[in-house]
Amino acid sequence: MRQLTTFIQKEFMEVCRNNKLMICTIVFFLLGIMNPAIAKLTPWLFEKLSSSYEDMGIILTDVKVNALTSWEQFYKNLPIGMVVFVLMFSSIVASELERGTLINILTKGMARWKILASKGILLLVMWTGCYFLTYGITYVYNDIYWDNAIGKNLFFSALCMYLLGVWLISLILLMSALANHGTGVALGTSVVFLICYLISVIPNVEKYLPTKLMECSQIPFGRGTPDDFTYAIVIIILWSLMDVMIGILVFNKKNI
Amino acid sequence: MTVEQIKEVLPFLIPIIVAEVILLAVTLRHILTHENYKRGNRILWIVVTLVGMQFWGPILYFVFGKEDE
Amino acid sequence: MNILTLNQVSKSFGSKQVVKNLSFEVPEHIVYGFIGKNGAGKTTTMKMILGLVKMDEGEIKVNGSKVTFGQNTTNQYIGYLPDVPEYYGYMTPREYLKLCGRITGMEEKEIQKKSDELLELVGLSQEKRRIKGFSRGMKQRLGIAQALLNSPKLLICDEPTSALDPVGRKEILEVLSKVKEHTTVIFSTHILSDVERICDEVAFLHEGSIVMKGTLAEVKSLRKGTTVEVECAGSDETDRVLSLLPGGKRVSETSIIYEKTNQKRMNEMMKVLAEHDVKIQRIEMLEPTLEDLFVEVVSK
């Protein structure tokens with residue numbers, strides 16, 4: 001237990017001292033504030049556009065902005081956050097393998113699974129913090145300027161996207177055990193995601209795939225209900241657990 | 001834009017500007033206080049940081065340019 | 001008791017066999033030199049002892065227990081200093097030792113005490129900076145402190161002196177011979193003068209197998225006294241010696257080397273020189289250097 005807590009502590013010291021914690025916080029803070037900001041600016045942009053269109057004889061009707069406009073932006077911007085997150089942390093294990101910093105740790109009697117577990121816990125905490133920072137900021141601004149009540153199951157749909165991030169983290173851990181370089185990990189994670197995305201064009205398979213959860217952005221608009229996502233949620237949780245378990249088994253037998 | 005409209009967007013604008021400035025300052029400071037980079041050179045990273053859209057410049061630097069410690 | 005035993009260990013990477021049927025034992029409380037050229041299989045052997053690399057065949061025992069690949073429990077007896085030790089650059093030496101101490105399961109108080117002691121030993125006790133600003137020599141010294149933290153029974157050092165300047169090398173060697181009282185030291189190197197300075201036993205590794213091993217004295221005696229050097233008082237005298245004792249090789253104006261001789265032959269030579277009253281400055285049986293041995297063994 002002490003090995004695990006010590007190494008988790010080390011991981012947190014690392015993200016604090018190499019600026020990654022701060023950068024992630026700022027990026028997800030910006031992503032959060034951008035959503036209501038864009039919603040707020042939309043009418044003004046339309047006004048600008050329509051006055052120039054009027055000269056050409058086209059009349060644009062006034063746009064109505066509400067909390068849902070901002071939530072729409074939230075789901076549009078989240079993939080950016082995910083890309084940033086994967087990019088920043090894909091080499092969390094690989095950089096240690098490349099440099100050989102784990103050799104000292106392992107020869108001190110560290111259990112290998114605890115290394116992967118510590119990194120997994122750090123990523124989970126980082127993702128949870130970052131994600132709900134974005135969610136919280138968007139929610140608070142929306143509540144001040146408009147009314148969140150018009151969106152249905154806001155928290156549930158946000159939770160779906162959160163789970164998608166958790167799944168990506170489990171893929172990072174699995175790929176870290178398989179690949180030796182950060183680029184390999186980022187590539188492997190993206191390829192799995194892409195394959196899921198491509199397979200999801202098959203109508204009957206779609207509802208079982210993790211990528212199904214991306215559609216949860218439609219729930220607040222009343223399109224689709226939480227029940228539609230039951231299969232995908234169960235599968236994504238099982239899949240994530242499996243990734244971590246396979247990752248640990250592979251990592252245990254890795255030449256370091 | 002009228003003064004009224006500007007006043008209305010200030011609660012968005014100020015936090016965004018503050019966050020961007022912090023990000024930029026931290027990144028530039030890191031670039032200037034380090035001699036060696038994983039890839040590229042100092043000029044390149046300063047340019048990337050400055051012209052990078054929103055936060056992409058700093059992120060590219062910290063992912064691809066910053067030397068491992 | 002032997003602290004380390006290797007029995008018929010082999011390892012290949014792809015089609016290249018880097019370690020072939022390697023067997024040797026290391027008794028306790030000595031400094032064991034593991035000598036070989038770059039690529040002879042030293043690092044691979046060490047990593048197998050640590051369970052970091054999987055061996056194809058054979059058995060390794062540390063302190064009587066078998067080494068297993070992956071989760072290796074025998075590592076609790078071992079301290080390891082890699083050839084290029086890498087640390088978390090954002091930590092200070094003290095923070096790093098604390099991390100290592102906790103992982104290895106030491107009490108907080110003991111970590112504190114040991115850290116002070118070891119940082120003093122390796123001369124880093126005044127260092128407040130983070131590790132990223134350290135020189136190679138400082139990193140190597142911190143590596144020794146880190147390796148000795150859990151008072152290991154066996155200290156394995158992979159080329160600890162290769163990348164250092166003469167001062168740094170001397171410091172490391174001093175530390176290594178100092179710790180001999182408490183622990184057994186194995187260190188690999190290709191710098192033979194280091195071996196001569198501190199080793200008790202040596203093994204020469206060449207292309208994955210041991211070509212020669214034994215105590216330093218034993219190894220040296222394998223070639224002991226086969227070369228005699230005669231230094232004469234002047235050029236004329238040298239000519240005389242050569243005519244009296246043919247078979248020598250003149251290596252300079254006044255000195256001659258006789259190879260493949262022995263003690264008896266040397267005495268005869270002295271008798272001849274005395275009878276003819278040759279003016280000799282020096283006659284010496286040359287000690288073979290490890291360098292010669294190494295070259296001879298490797299070129300076989």
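This is a predicted model: local features need pLDDT of at least 70, side-chain atom pairs count only at pLDDT 80 or more; totals for chains, interfaces and linings use all residues.
**Chain C**

I started with chain C and counted ten helices and 14 strands there. Its radius of gyration is 24 Å, well over the 19 Å the globule rule gives for 300 residues, so chain C is more spread out than a compact globule.

Next I looked up the dimensions. The C-alpha trace of chain C spans about 75 × 45 × 35 Å along its principal axes.

How much of chain C is buried? I get 52% of its 300 residues.

Then contacts. Taking those in chain C with a separation of 6 or more, I find that 65% are between residues 24 or more positions apart.

**Cavities**

I searched the whole structure and got one cavity of 30 Å³ or more. The largest cavity holds about 40 Å³ of space.

Which residues line it? My list for the largest cavity reads M82(A), F85(A), V86(A), W127(A), G165(A), L168(A), I169(A) and I172(A). Sorting that lining by type, I have seven nonpolar residues, one polar and no charged. Gly goes in the polar class, and G165(A) is on the lining list.

I also checked where the lining comes from. In chain A, helix 3 (67-89) and helix 7 (154-178) each supply at least two residues. Helix 7 of chain A gives the largest share of the lining, with four residues.

Definitions and conventions:
Residues are numbered from 1 along each chain as its sequence is written. Chains are lettered from A and ligands numbered from 1 in the order in which they are written. Side-chain values use heavy atoms; hydrogens and water are left out. On a 1 Å grid over the protein atoms alone, a cavity is a set of points where a 1.4 Å probe fits but cannot get out, and a pocket is an open set with protein on both sides within 12 Å along at least five of seven lines; lining residues have an atom within 4 Å of a point. Grid points are joined across faces, edges and corners, and a volume is the space filled by probe spheres set on the points. The radius of gyration is taken over C-alpha atoms; the globule rule is 2.2 Å times the number of residues to the power 0.38. Buried means under 20% relative accessible area, exposed over 50%, partly exposed in between (1.4 Å probe, protein chains only). Contact means heavy atoms within 4.5 Å.
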